[in-house]
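Subject: Structure handover

Hello,

Please find the structure below, followed by notes on what was found in it.

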Amino acid sequence: MLPKPSLQRSSPSIINTTTTTTVNAVASTTPRSQLHSPSPLSPGSLKLDSLISMDVRRRQTKMGQSVKTAAGEPPMKPQNHPPTASDALPLPLYLTNGLFFTMFFSVMYFLLTRWREKIRNSTPLHVVTLSESNEDAWDVEDEEDEKFIIEEDSRMGTSPATTLGCAVPVVPIVPAQPAKVSVTEKPAPIITPQSSEEDEQIVKSVVEGKTPSYSLESKLGDCKRAASIRREALQRITGKSLEGLPLEGFDYESILGQCCEMPVGYVQIPVGIVGPLFLNGTEYMVPMATTEGCLVASTNRGCKAIYASGGATGTLFKDGMTRAPVVRFETAKRAAELKFYLENPLNHETLSVVFNKSSRFGRLQGIQCAIAGKNLYIRFTCSTGDAMGMNMVSKGVQNVLDYLGNDFPDMDVIGISGNFCSDKKPAAVNWIEGRGKSVVCEAIIKEDIVTKVLKTNVAALVELNMLKNLTGSAIAGALGGFNAHASNIVSAVFLATGQDPAQNIESSHCITMMEAVNGGKDLHVSVTMPSIEVGTVGGGTQLASQSACLNLLGVKGASKESAGANARLLATIVAGSVLAGELSLMSAIAAGQLVKSHMKYNRSSKDVTKISS
């Protein structure tokens, strides 16, 4: 016979520890209502109560007794240590910290990796993309597997599980639902019925990309119809309405090939009138196209002060448009040799013949060169008649470059414009040398007019001009901006008369001077503008609205008496208008009325959208 296995009695401490752990686990997982429920007890419940009572009695016995030590030593009383934060940790503190930081940085790396594309694409982090929804959603092979999972979860939820004889309800597991995908929907196309089936087909062809939008004018032969079709295609593609942008009432034939490509309408800018501007003994009513309230009213007050004081005088002292190509040589010596050749007065007549053959109005006036290493910048200056003249001077420059290629075959033309011109950029060369028309305009405003019309005094205006227009602009590092707001008037007159709005940059170069004269009683005010770039033919000057404004000033088209006379007069009128604007604004600032006037004329309490509808 096999010997019976010896039964070893477990240590009381082990039993006590196991019992306590078991009881605590059951208590933590069992609802309080079930532990103290008065319902009939099951055998498992009786056993649990027994274990609990035994554990309580054993703890009371230990608390009442002294702890036994080795033989011969007095019993020691139990020591109660104050609880510390580390007692709640299942691991030592250094291991817990290491585990925490590892998990923290792992989570951060995971989130940054997933958010990297969102940050690059400026997508809000809370928006769930399609790729994220596919990763997070349940990936069920087929409907049968999904049905099996749901049925299995339901079955498990209906039968209670027991732990040590205690019924513990199990919450049914509900399968995770796929995350909702936030996708930016493309706006619904705005469809306006076309006048004919043919136009409808063309619109669809443009929307589908089969017909280029820029080719509509040449294919249809009707600029108005092409603009209408392009406009409708644009609305359908973008889903945005162009209602409010007018289409009717404009001659689209007049802008074809010279003013604007691919038109879909035109923008309306209100035009105000200031004046009369009494300049050089003649009265002018000056049109100004602007959306800035108070600008027309302020300039008009300046015109009133000038008129009441006997008028202003304007003088044009230079007229020449510029273009500066940049060329390169193998050595700086060769670049210098070309510079000497171009600036030699003996060669000017030959170069003028070559330059002037491109136009009957363009006449070469001079050449100025600047060297930067092996590169040579050649600034040509020529008269251009009544045209602003950029195309005219560019054609003449090209003729000279072709001619120079014979004597300087190693010359490499880098560009027809090397920014030494300088066009549509603030530049010291324009401020010093001038470009286009250079004009100075002046007036003497009598003391009583300063007081009654401008509401200030001569001494205040002189001091303000020195501290604001001169000292303040110098502190700001201004380049040609020694004035109060010359660009305001220049831009408004440019828009009204069909000039290039971008050339407002150099055309607004202006220095405003004020000085007390006649024993300090009267005010001498002047504006000096070295680079006003205007024309009365070509570009936007031939459009109906702009042509009407030029006609109002008496400078429409080319001058029949003297080539360039109309353009020179227009530049003088611009300077006179700037003089009026400077005088009025400076007076408003000196009198402390600037904010008040803008609140009155530059703010509206009316709802313009309701008025227009």
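Helices (H or I, at least four residues) and strands (E, at least two) are DSSP runs, numbered from the N terminus. This is a predicted model, in which local features need pLDDT of at least 70 and side-chain atom pairs count only at pLDDT 80 or more, while totals for chains, interfaces and linings use all residues. Residues are numbered from 1 along each chain as its sequence is written, and side-chain values use heavy atoms, with hydrogens and water left out.

Overall

The protein has 22 helices and 13 strands. Of its 613 residues, 37% are buried (buried is under 20% relative accessible area, exposed over 50%, partly exposed in between, with a 1.4 Å probe and protein chains only). Among contacts (heavy atoms within 4.5 Å) with a separation of 6 or more, 70% are between residues 24 or more positions apart.

Strands β3 (residues 271-279) and β4 (residues 282-289) are antiparallel and pair over seven bridges; two strands pair if DSSP finds at least two bridges between them. Leu277 has Tyr284 of β4 as its bridge partner. Strand β3 also contains Pro276, and the peptide bond between Gly275 and Pro276 is cis, with omega about 5°. Two residues lie between the strands of this hairpin. Asn280, in the loop between β3 and β4, is not a glycine but has a positive phi of about 55°. Its relative accessible area is 41%, so Asn280 counts as partly exposed.

Strands β11 to β13

Strand β11 (residues 481-482) runs parallel to β12 (residues 510-517), and two bridges join them. Here Gly481 stands opposite Cys510. On β13 (residues 522-532), β12 has an antiparallel partner, joined by seven bridges; Met514 is bridged to Val525 of β13. The hairpin of β12 and β13 has four residues between the strands, and Asn518 in its turn has a positive phi of about 55°.

Which residues of α19 are buried? They are Gln546, Ser547, Cys549, Leu550 and Leu553. These residues cover an arc of only 160° around the axis and therefore lie on the same side of α19 (the arc is that of the directions from the helix axis to the C-beta atoms). An α-helix has 3.6 residues a turn, so residues three or four places apart point the same way. Ala544, Ser545 and Asn551 are exposed on the other side of α19. The buried residues of α19 pack against β3, β4, α17 and α20 (565-590).

The axes of α17 (residues 486-497) and α19 (residues 544-553) come within 6 Å and cross at roughly 110°. Axes are lines fitted to C-alpha atoms, for helices over the stretch in contact, and angles run from 0 to 180 degrees between N-to-C directions. The two helices, α17 and α19, are therefore roughly perpendicular to each other; angles of 65 to 115 degrees count as roughly perpendicular, under 35 as roughly parallel, over 145 as roughly antiparallel and the rest as oblique. Leu495, Ala496 and Thr497 of α17 make the contact with Ser545, Gln546, Cys549, Leu550 and Leu553 of α19. By class, five residues of the contact of α17 with α19 are nonpolar, three are polar and none is charged. Ala, Val, Leu, Ile, Met, Phe, Trp, Tyr, Cys and Pro count as nonpolar, Asp, Glu, Lys and Arg as charged, and the others, Gly among them, as polar.

Helices α16 and α20

The axes of α16 (residues 458-475) and α20 come within 10 Å and cross at roughly 100°, which makes α16 roughly perpendicular to α20. On α16 the contact is made by Ala460, Leu461, Leu464, Asn465, Lys468 and Asn469, and on α20 by Glu582, Met586, Ser587, Ile589 and Ala590. The contact of α16 with α20 has six nonpolar, three polar and two charged residues.

The loop between β9 and α14

Asn419 is in the loop between β9 and α14. Phi of Asn419, a residue other than glycine, is positive and near 70°, and Asn419 is partly exposed at a relative accessible area of 46%. Ser422 is in the loop between β9 (412-415) and α14 (428-433), and the peptide bond from Cys421 to Ser422 is cis, with omega near -5°.

Regards
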